[in-house]
Amino acid sequence: MANMALEKVTMPEQDPKVRARNFEEVTLGYTKEMAMEEASRCLNCKHKPCVSGCPVGVRIPEFIAEVAKGDFEKAYEVITSTNSLPAVCGRVCPQENQCEGKCVRGIKGEPVAIGRLERFVADYMMKKGNSTSAKPESNGHKVAVVGAGPAGLTCAGDLAKLGYQVTIFEAFHTAGGVLMYGIPEFRLPKNIVQKEIQKLKELGVEIMQDMVIGKVLSVDEIMDMGYEAVFIGSGAGLPRFMGIEGESLIGVCSANEYLTRINLMKGYLDEYDTPVIKSKAVAVVGGGNVAMDAARSALRMGAEHVYIVYRRSEEEMPARKEEVHHAKEEGVEFLNLNNPVKIFGDKNGRVCAMECIKMELGEPDESGRRSPVPVEGSNYNLEVDTVIMSIGTSPNPLIRTTTNGLEANKRGCLVVNEDMLTTKEGVYAGGDAVTGAATVILAMGAGKTAAKSIDEYIKSK
């Protein structure tokens with residue numbers, strides 16, 4: 001008999017006042033008892049609507065049924081048959097818009113806490129420490145993957161399980177992509193990411209770091225090395241700016257740069273010399289998850305006031321509700337329906353204020369969100385010493401400009417078909433390099449599709 005409680009089992013978390021000044025994980029995870037109680041809320045629907053909401057097709061009711069029985073190892077086997085990064089997905093996937101968004105229990109009450117259960121199972125197996133991945137027998141074929149982010153790691157993992165010899169070429173000194181440089185420690189501990197990557201290495205995946213493809217090697221040179229296909233999962237690391245006066249002042253940076261210095265370069269630890277702006281008052285421009293991460297990181301780096309400046313209302317904000325809720329609890333101040341028009345500097349060229357104008361919502365645009373319209377005469381100055389731009393990113397042009405036959409659209413994103421095949425034979429792509437900045441799980445879904453297509457392509461040769 002299912003547990004018909006209308007609400008999820010509450011996830012323990014740090015007190016907001018305490019966590020706002022440390023980089024330890026905010027949410028603490030379920031205990032065994034909590035996980036089993038929450039799992040018992042699942043109705044195990046025959047038509048499995050939750051699975052259709054998962055970009056990597058996790059067999060959700062099956063793994064939850066094993067959690068309810070207390071067989072966490074079996075639950076892990078079910079999850080990892082389709083998902084190579086369960087500890088990551090359990091923490092950062094927007095489940096409310098995907099699997100949980102389709103859960104029948106959400107019609108009258110809260111959906112089953114699928115993400116929390118996935119995280120519990122992955123963490124349980126990591127703590128147990130004896131689940132090694134057996135290396136499959138080689139099929140004699142080689143595939144190259146560009147980028148060790150979510151798309152590349154997923155593609156590599158799926159191909160390795162099929163017996164392919166997979167080499168990942170990663171530009172940074174550490175594998176993980178946005179999981180390492182973009183998402184803060186308090187939301188996704190880096191040791192968790194590296195343990196997930198270790199599982200792929202056990203499958204035989206080789207990772208070559210400090211390999212900037214387009215500089216060190218070209219895609220054509222990789223193919224000349226005996227690789228029969230290449231998957232490009234290089235992400236979207238090129239930040240956008242507004243083009244307003246004052247963006248070149250000292251104290252203005254992109255969220256990408258700010259988070260990379262803190263996360264990948266360990267700028268939040270005293271023993272590292274990574275230079276990070278020391279701020280008293282910070283304005284983060286934007287309303288997505290990256291903006292929330294930057295704002296919450298700024299608080300933890302010692303800022304006294306942190307503002308989210310967003311041109312639409314909270315209802316239109318693309319960030320996860322959980323992230324907005326946590327930011328508010330920690331003391332981030334939200335200035336919705338406001339937009340920057342100019343940044344002012346002092347005599348030393350450092351940011352001292354930002355001029356904003358108030359906005360109101362007009363008719364919906366092509367994205368379905370109501371367009372913001374400036375309110376005449378509502379300009380005012382916000383006293384800040386740091387401005388962090390978080391208004392989106394696009395793919396770095398390096399790979400497309402050094403690879404003949406590789407087409408991109410007007411936004412600089414690689415053009416692919418439904419099989420993730422680019423306009424160049426044998427070259428596939430997915431994730432943010434194709435869509436522009438999106439979610440971890442959508443990138444993983446693209447990596448999964450590409451792996452299947454690459455396998456079919458090589459077998460057909």
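**Close-up views of a predicted model**

**View 1. Surroundings of Gln209.** Gln209 touches Glu170, Phe172, His173, Thr174 and Ala175, not counting residues up to four places away in sequence; contact here means heavy atoms within 4.5 Å. This is a predicted model, in which local features need pLDDT of at least 70 and side-chain atom pairs count only at pLDDT 80 or more, whereas totals for chains, interfaces and linings use all residues. Residues are numbered from 1 along each chain as its sequence is written, and side-chain values use heavy atoms, with hydrogens and water left out. Gln209 is found in the loop between β3 (206–208) and α11 (219–224); helices (H or I, at least four residues) and strands (E, at least two) are DSSP runs, numbered from the N terminus. With a relative accessible area of 33%, Gln209 is partly exposed (buried means under 20% relative accessible area, exposed over 50%, partly exposed in between; 1.4 Å probe, protein chains only).

**View 2. Helices α4 and α5.** The axes of α4 (residues 60–69) and α5 (residues 72–80) come within 7 Å and cross at roughly 170 degrees. Axes are lines fitted to C-alpha atoms, for helices over the stretch in contact, and angles run from 0 to 180 degrees between N-to-C directions. The crossing makes α4 roughly antiparallel to α5, a term for angles over 145 degrees. Glu62, Phe63, Glu66 and Val67 of α4 meet Phe72, Lys74, Ala75, Val78 and Ile79 of α5.

View 3. Glu66 lies in helix α4 and counts as buried, at 13% relative accessibility. Asp71, Lys74 and Ala75 are touched by Glu66, not counting residues up to four places away in sequence. In α5, the buried residues are Phe72, Ala75, Tyr76, Val78, Ile79 and Thr80. Their cover includes α2 (32–39), α4, α6, α7, α8 (150–161) and α10 (190–202).

**View 4. The second largest pocket.** About 780 Å³ of space lies in this pocket. A pocket is an open set of points on a 1 Å grid over the protein atoms alone, where a 1.4 Å probe fits, with protein on both sides within 12 Å along at least five of seven lines; lining residues have an atom within 4 Å of a point. Of the 28 lining residues, Lys8, Arg116, Arg320, Glu322 and His326 are the closest to the centre of the second largest pocket. The elements giving two or more residues to the lining are α6 (86–92), α7 (114–128) and α14 (321–330), and α14 gives the most, with 5 residues.

Note on methods: Parallel < 35°, antiparallel > 145°, perpendicular 65-115°, else oblique. Points joined across faces, edges and corners; volume = space filled by probe spheres on them.
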